[in-house]
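User: Could you walk me through this model, starting with the aromatic rings and then moving on to the strands and helices?

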Amino acid sequence: MKKSTDFYRIIPFVYLIIGPVWVIGTDYLLYDPNTIFEKVLLLQTFKSLLFVFFTAILLYFYIKNLRDSKLIEEEKEKLTLLIDTMPDCVSFKDGEGKWLQINKFGAQLFELEGIDYRGKDDREMAQYTDYYHDALIYCIDTDEEAWRAGKVTRCEETIQLRDGSSKTFDAFKVPIFNPDGSRKGLVVIGRDITALKETESMLRQSEKMSVIGELAAGIAHEIRNPLTTIKGFLQMGKDKAINLEPHTEMLIDEIDRINTIVNELLIVSRPSEVIFSNKNINTIVKEVIQLLSTEASLQNIQLNLNELENFDTYCNDSKLKQVFINILKNAIESISTQGEVNVTLSEKDENYFAIKFEDNGCGIEESRLKHIGEPFYSVKEKGIGLGMTVSFSIIESHKGTINISSEVDKGTSVEVLLPKSKFQVIS
């Protein structure tokens, strides 16, 4: 479009050169003293009409181009006005990373108002703002990542403001390529989601308070029962109504139950800081199966491992072992007679792999299945109801999910999805 516009701009100058050449040159060629006057007049008339004809065609296209250019300029002004009124940071760069346009919000954000940015790259623009110098330099790397990806990229970026506050942006980068694959331009859109993040934080805090309320109610219920038993026996022992010695073991069991509840609760409420590293999940699963193989064997339960592929994941191996042990123990305890538990490692998609635990135990009713993971909810007679709560929390911290399906009298399937290792340090 730019080349076409430039061509039409030089047409008047070309016309001024070609016009006189045409008039003088054709007059010279037609001049012949021996030619009949009427014939000369006819040729000159034809020459003039031909000149008028080409001039009219040229003027038509020239005027049409001017009209189209005017319409384009008007549409461009409308688009610029629309972009400037957007509450998002919008900028355009060419294939070399040089700035073509940025809206008012973006210019105000980076304190670049009144600066001639066109034709300058991020490194040059960084010289105009000391406070946002590093932020603009950082854009060089993120832009390059978008170019290498060859598709729309999306990430959250937080920018510290001069007043001490910060803004969080949902940043989109759209690379545009020429037909030959070369870089043409880059569109950057940063949507301000600061208010949304603050709302999410408030909702999370509200949810935490709700969970604390549920935990408090659950703790009161779970601890009151053994305490009532202990108090009753001690009271009867004090009144000499019974001999406490035969009941000592039972009282110790009740105290151990309270201790177990407290320990499980501490894991949920105050998770310790864990160190993540790249680990082979196959090795972790094998170690868990080996650990529980004796217990399973004593109950005539077969543990089978199907390793369809090998996977690495960025994790804390001891925490994952805690999850797998809990799931496997639940599976073993659900089998009342001889049975088996199949553990399968397979690829879920290009980003995730799955560890599936399948047993042929008693199964779980659908109405109870949806409550698994809630604090103090257990499908086992003597269960505390914190094991799966902890497991869900651990897997969530590993950017994974747990999916449970079950059918009464046929068995239960627990699928743990974890991300494949990218061999990079994740903060």
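**Aromatic rings, sheet and helices**

Analyst: Ring pairs link F110, Y131 and Y132 into a cluster, where rings of Phe, Tyr and Trp (its six-membered ring) pair if their centres lie within 6.5 Å, and planes under 30 degrees apart count as stacked, over 60 as edge-to-face and the rest as tilted. This is a predicted model, in which local features need pLDDT of at least 70, side-chain atom pairs count only at pLDDT 80 or more, and totals for chains, interfaces and linings use all residues. Residues are numbered from 1 along each chain as its sequence is written, and side-chain values use heavy atoms, with hydrogens and water left out.

User: How many aromatic pairs are there in the whole structure?

Analyst: The search finds eight aromatic pairs. One of them, F110 with Y132, is edge-to-face, at 5.9 Å centre to centre and 85° between the planes.

User: Are F110 and Y132 buried or exposed?

Analyst: Both F110 and Y132 are buried, meaning under 20% relative accessible area, with exposed over 50% and partly exposed in between (1.4 Å probe, protein chains only).

User: And what about F311 and F353?

Analyst: F311 and F353 are stacked, with 4.8 Å centre to centre and 10° between the planes. The pair links distant parts of the chain, 42 residues apart, since F311 sits in the loop between strand 7 and strand 8 (312-315) while F353 belongs to strand 10; helices (H or I, at least four residues) and strands (E, at least two) are DSSP runs, numbered from the N terminus. F311 and F353 are both buried.

User: Switching to the sheet, what is the strand order?

Analyst: The order is 7-9-10-12-11 in an open sheet of five strands with mixed pairing, where two strands pair if DSSP finds at least two bridges between them. At the edges are strand 7 (301-307) and strand 11 (401-407), each pairing on one side only.

User: How do strand 10 and strand 12 pair?

Analyst: Strand 10 (residues 352-359) pairs with strand 12 (residues 411-419) in the antiparallel sense over seven bridges, and E358 stands opposite S413 in strand 12.

User: Is helix 8 straight or bent?

Analyst: Helix 8 bends by about 45° at L292, the bend being the angle between axes fitted to the seven residues ending there and the seven starting there.

User: Which residues of helix 8 are buried?

Analyst: Buried residues in helix 8 include I281, I284, V285, V288 and L292.
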